[in-house]
Amino acid sequence: MNVTSLSFKQKQVANREAADIGSGEPGGDSEMSSLFVQKPESVTATKGKDVTFVAKVDSSQLSRKPALKWLKGKWLDLASKAGKHIQFKESYDRNTKIYTYEMSLIKVVDADAGGYRCEVTSKDKSYSCTFEVSVQAAQEDQQDNILEAFKRSGDADEDAGELDFSVLLKKRNKKKLEGPKEEVDVWEILKAAKPCDYEKIAFQYGITDLRGMLTRLKKMKAESKKSDAFLKKLDAAYSADKGKTIHLSVELADPTATVKWLKNGQEIKPSAKYVFESVGNKRSLTINKCSLSDDAAYECQVEEEKCFTEVFVKEPPVTITKQLEDVHTVVGEKVEFEVEVSEEGANVKWMKDGVELNRDTAGSRYRFKKDGRRHILIINEATKEDIGTYYAFTNGGESQAELEVEDKELEILQSIADLTVKASEQAVFKCEVSDENVTGKWFKDGVEVQASERIRISHIGRNHKLTIDEVVASDAGDYTFVPDGYALTLSAKLNFLEIKIEYVPIEEPPKIHIDTSGCGNQNTITVVAGNKLRVDVEITGEPAPVTCWTKGDQVISEAEGRVRVEKEQTLSSFVIEGAEMEDEGFYTITVTNPVGEDKAEIYIKVVDVPNSPENVKCTSVGEDSATITWDPPSFDGGVPIKGYLMERKKVGTARWTKLNFDVYESNTYEAKKMIEGVLYEMRVFAVNSIGVSQPSSDSKPFMPIAPTSEPTRLVVEDVTDTTCALKWRPPERIGAGGIDGYIIEYCKEGDDQWVQANKELVEENDYRVKGLPVGEKMLFRVTAINIAGRSPPATLSQAITIRDIVENPKIRLPRNLRSKLIKLVGEKVNLVIPFQGKPRPVVTWFKDNVLMEDKSVGTRTSEVDTILFIRSAERRHSGKFTLSVQVEDMSECADIHIQVVERPGPPINVHVTDVWGFNASLEWKPPKDDGNCEIIGYTIQKCDKKSTEWFTVYEHNRRPSCTVSDLIMGNEYSFRVFSENICGLSNDPGISKNSAVITKTGLMYNPKLFKEVGMNHSPKFIAPLLDRSVIAGYNTAISCAVRGYPKPKIIWMKNNITIEGDPKFLMQNNQGVLTLNIRKPGLFDGGRYSCRAVNDLGEDQVECKLEVRVLQEKGEEAKK
């Protein structure tokens, strides 16, 4: 929808400024109030008059002097305008530590009207307050003679009647009731106004963000230009409520053109929130479920042209749906004020008597709680200081409630009672009140009771107690308890009863009274290890007997310790703190007095949880199961073992899984439902009537697996008189356990006694069974073995007769040996020649039809091949080598020709036979040593005696003679010739015995003057940079070529900024070809790139445009 008014925008800016001020002032309003003693107030000034603003700041809590700024609007610092019109003053009071700041406007003018701000800064905190200045015109001068304005009431003469002063009253125009204001398009006013009037118009219509206004006005003026791409541009602004939908649309001149939508300069991708539509030449953007983050500047771009708009999202005011309720409570009670608002997540401001309550100022006294739309203020313990009016504010309403707090009445839950006690007895006065925090005092006959060794005063919770030990006659009287702070007393009377008793000594032999009815066996007491044991034994006898506890010959002392004896008047207690196994045994108690003696024996049995089971191991595995065994624990804890609990886990994890919840009595357990191929560990717990033992040590890792299937394709590869070679393929199903190896077995045909041929597992897929009887028919089978056991065997379908198979000898000569083998002197010769034949053939080597006996030539023969090797070949090793392979009376031969060659010797008898003109004729004879191969040519070189440098004239010259032409007149030449064979040129040349002199014939040579050509010139690009469009994320490069001397300096730039030290860019210069490599460019790497070449003679520059785009397919995959 089109917005023609900025009223909502103005409110939104004001709200944002208020939010900015709140967020920038950590202390909130309460801290501002405590810092500002006096704030500058808004005034209405008369034009031409002076006006002064005063701000007072309390610095008693500041470590340094605060800094104060006077600002106009949002950003204009008035300190820069100080002079005759604006004056500042500052003073300090040392007694009160208050700074006073004054700002005076001299002769106020209309331009002084507007919003002002006073900002105080101390360390990292900032506090500010705002005020307004309005300017009104000066009033007209009153009449010079004020008496002339007076009128007399009545119709008499001038001295009659009363004076009427109503004429002096200022006449005011009656304001007419204003109807609804017409909405004004401020942007149209700003477009037509002069720049000097912008600030005045902004103040008039409440625009505080001047920079944002100027930026948008600049865009709107730029949009007013006629557009070639748009028939209809975006409206100036759009507005919608939060959660609603907004439609932005344009009309294009070219229906086939593509558009880009941008939000705050960033391209928008289509999604459920942003929906693009294209119908004819109309392009639209729909924004669903608008939020405050959609309040931004939007652009529609067609190629290089853009149109702009702004979207304003209005947030509905938060109202209070449930009001606060008044609370009446007593001191110390918990108080909750609850208010419910119309929207979740809304901000609610709490205040008490005009002072804001927040987390910084409230401390632990107040707590703030949010539960959806409910906001709760909690006072943990109400006091009289909390009495007042509490407010809850939102941006759309407020609510208030009263809190009344009264003193809490003290209730007597139990009063003290009268006591009558005898001498040496104990008297206890006890009372209970409703408040555990109340203290009090005890009085006897009106005198405060003081605590002593005999008299104890205690206060525990709500109970107050006065204890008097060994009461005497003087303790009798009236006792009173008075609670502190309450007009309340509790009274009782202590009566002393005095009884005279005549003592007659009584003699009685000692007697031990032991109650072991609940201990099973007579006088046997069972205790769990680690627990405390206390055996109380009642003892009677007069006079009081002497008690002694012993264990064997060891007397148990009454001193403090783990095992000790405690005594009272008629009770002897045997105590063991944290019973241990060594405490088990018989204990004897003996009591004696002058009248007699008594003894009793007690057996103390210490029981405990059992030790851990031992030797946990896996005995067998299946495809998804395993059998586990273990040994019972070495110690059962003193009671029988009830059973066991098992747990397992995967190797590498820490999570154990219980396998049984009821105790399992056997020592063998089959664990099921496991995953084949996964390593597991097991542990076992022992259980007795006392409890569960510690877990056993983990078993060795095991893997549930099944045996493999049988091996496949079992065949016989070879048979001799005593052996048989077998070959097979791995099983079709191997499983997670893999294959550890194979077992090969054999038996005679018709027999069922299979004999294992291999002692250790065979890892390969072939094996030769040896030691077989000659001529017997044998059956063979192969079994695969893994950790799960043996697979089904693979058996030959028919028996094999153990007998040699005669096979004709055959030599398989390699292809490269079928022609002559040429080797250089010193090279190695290593020939491997395979052959066939059964039984094993006899191999013989011959050289030049003679049995080879040369020790420098070695041979080595196996069952299937023979090797001939020469460590360092010599020319004498050249010749024909014959290999003979013989089986019984059958044989086969193969010839191998080896030629060992080296470089030839130099030609001989090189001489110049004739010289004519500029030519010379040479002849020579072939070398004596041709290197054991044919001479394929000669290389001829010449040398003049002035330079003494050799130059090649001919190469691969086939004939032993040649003619050298183009010789220089006046020079004398020497010649040399190299012979050449397949190994290369001879090491030494044949040098001519005579030389060739080219004589002068009287011709004069006049050389032309050498004119030096200048090479220096300024840089010039001979190949320019070309515009490119690349895909984001793929390496790219741009290149050009430059020419210049001296070598120019190359400078690469992006958007006229030099590229230096950025590892993303690699610059190369290869003989004037300049390349800039860009590694994985992103959207931000697009722009204009230029290359500049500079030397002392000038400079040259080329540039291009690089566009980086993102593939649409990648964008869709990223969304998925």
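**Exercise 1.** Find the residue with which Glu577 forms a salt bridge, and describe the pair.

*Solution.* Start with the contact: Glu577 forms a salt bridge with Arg564, and their closest N and O atoms are 3.1 Å apart. The criterion here is a side-chain nitrogen of Lys or Arg within 4 Å of a carboxyl oxygen of Asp or Glu. Strands are DSSP runs of E, at least two residues, numbered from the N terminus. Then check accessibility: Glu577 is partly exposed at 29% relative accessible area, and Arg564 is buried at 10%. Buried means under 20%, exposed over 50%, and partly exposed in between (1.4 Å probe, protein chains only).

A word on the model: it is predicted, so local features need pLDDT of at least 70 and side-chain atom pairs pLDDT 80 or more, whereas totals for chains, interfaces and linings use all residues. Residues are numbered from 1 along each chain as its sequence is written, and side-chain values use heavy atoms, leaving out hydrogens and water.

**Exercise 2.** Work out which parts of the chain Glu745 and Arg790 tie together.

*Solution.* First, the closest N and O atoms of this salt bridge are 3.5 Å apart. Glu745 belongs to strand 56 (residues 741-748) and Arg790 to strand 60 (residues 789-790), so the pair ties together parts 45 residues apart in sequence. Finally, Glu745 is buried at 8% relative accessibility, but Arg790 is partly exposed at 42%.

Key
Helix = DSSP H or I, 4+ residues; strand = E, 2+ residues; numbered from the N terminus.
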